[in-house]
Amino acid sequence: MCHPVAREWLVFRRRRWPDTANPHLLSNKIIALGTGPISPVSLTAPLRGQAATREQLRVDRQLEEALAHGPDPLHLAEVFGLDEKTAIRYANSAQALLEQPAEQTCEN
């Protein structure tokens with residue numbers, strides 16, 4: 001099932017560039033008529049000066065997927081194209097987080 005934000009983007013993209021042959025999820029006016037990916041600068045420029053890096057966002061997204069769908073390394077490998085060792089590492093991290101007791105508030 002497609003995430004609602006991704007679905008909205010795909011609808012917008014189809015409306016904006018209806019005849020594009022570009023197979024990549026992310027597109028812009030420069031590459032919409034071609035078949036190549038957007039440049040790395042297209043992703044890093046908007047994040048300049050922000051607290052999170054592209055790598056941190058990627059790792060966070062993969063861990064969120066593991067927490068949302070259960071710590072299944074096969075699912076993670078399929079969704080993100082991870083190799084088996086990386087998928088297992090993310091699944092183990094998610095499992096450890098799921099087994100931690102919930103934070104409790106302290107009363108003074």
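1. Asp 72 caps the N-terminal end of α4, with a side-chain oxygen 3.0 Å from the backbone nitrogen of Leu 74. A polar contact here is a pair of N or O atoms within 3.5 Å; within protein, one must be able to donate a hydrogen and the other to accept it, and residues adjacent in sequence count only if both atoms are side-chain atoms. Just after α4, Gly 81 has a positive phi of about 70°.

2. This is a predicted model, in which local features need pLDDT of at least 70 and side-chain atom pairs pLDDT 80 or more, while totals for chains, interfaces and linings use all residues. Residues are numbered from 1 along each chain, and side-chain values use heavy atoms, without hydrogens and water.

3. The chain holds five helices and zero strands (DSSP runs numbered from the N terminus: helices are H or I, at least four residues; strands are E, at least two). Its radius of gyration, taken over C-alpha atoms, is 18 Å, well over the 13 Å from the globule rule for 108 residues, so the chain is more spread out than a compact globule. That rule is 2.2 Å times the number of residues to the power 0.38. The C-alpha trace spans about 55 × 35 × 25 Å along its principal axes.

4. Helix α3 (residues 54–69) packs against helix α4 (residues 73–80) at about 135°, with axes 10 Å apart. Axes are lines fitted to C-alpha atoms over the stretch in contact, and angles run from 0 to 180 degrees between N-to-C directions.

5. On the α3 side, Arg 61, Gln 62, Glu 65, Ala 66 and His 69 meet His 75, Leu 76, Val 79 and Phe 80 of α4 (heavy atoms within 4.5 Å).
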